[in-house]
Amino acid sequence: ITRTGSARADAFGSRDEAVRAFMDLLTEKVGSSQRPWEEALLAIMSDRRYGALESLAEKRRAFADWQLAQQAAEAQKQQAERDAAARAFGALLADA
């Protein structure tokens with residue numbers, strides 16, 4: 001076992017699966033991408049997937065990546081909702 005985290009990665013099958021497990025944990029337990037790291041940490045520490053990544057630095061980096069991905073997904077969802085509302089409003093005006 002090396003210092004690069006292979007023991008923990010082995011528990012999850014591979015490094016990619018360990019990262020994916022940690023990201024899934026964040027999605028399930030943290031919810032909002034606006035939640036700060038300190039609050040997120042309290043929400044995820046008791047789950048076994050918290051140990052998927054070895055170092056706190058890896059966990060923080062994964063959290064930052066997750067936040068960016070979540071923010072992009074949330075923005076895309078909001079844009080789709082605005083577009084749908086605009087189409088519905090346009091259809092309402094056309095029917096009037």
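Select Val30 to begin: leaving aside its neighbours within four places in sequence, Val30 is in contact (heavy atoms within 4.5 Å) with Leu25, Arg35, Ala40, Ile44, Phe63 and Trp66. Bear in mind that this is a predicted model, in which local features need pLDDT of at least 70 and side-chain atom pairs count only at pLDDT 80 or more, while totals for chains, interfaces and linings use all residues. Residues are numbered from 1 along each chain as its sequence is written, and side-chain values use heavy atoms, with hydrogens and water left out.

Next, select Phe22, Leu26, Val30, Ile44, Tyr50, Phe63 and Trp66, which have the most contacts inside the largest nonpolar core, a set of 18 residues. Such a core consists of buried Ala, Val, Leu, Ile, Met, Phe, Trp, Tyr and Cys residues joined through side-chain atoms within 4.5 Å, where buried means under 20% relative accessible area, exposed over 50%, and partly exposed in between (1.4 Å probe, protein chains only). Helix 2, helix 3 and helix 4 each supply at least two residues of this core, and its largest share, six residues, comes from helix 2. Helices here are DSSP runs of H or I with at least four residues, numbered from the N terminus.

Now colour helix 3, residues 37-44, whose buried residues are Trp37, Ala40, Leu41 and Ile44. They lie on the same side of helix 3, because they cover an arc of only 105 degrees around the axis, the arc being that of the directions from the helix axis to the C-beta atoms. These buried residues pack against helix 2 (15-29) and helix 4 (56-95), whereas the face turned away from the buried side carries the exposed residues Glu38 and Leu42.

Move on to helix 4, where Glu58, Lys59, Ala62, Phe63, Trp66, Gln67 and Gln70 are buried and pack against helix 2 and helix 3.

Finally, show the salt bridges, each a side-chain nitrogen of Lys or Arg within 4 Å of a carboxyl oxygen of Asp or Glu; by this rule the count comes to four. One of them joins Glu58 to Arg15, with the closest N and O atoms 3.0 Å apart, and this pair links helix 4 with helix 2 across 43 residues. Glu58 counts as buried at 14% relative accessibility, whereas Arg15 is partly exposed at 40%.

Asp47 and Arg49 are both buried, and salt bridges that share partners join Glu28, Asp47 and Arg49 into one network.
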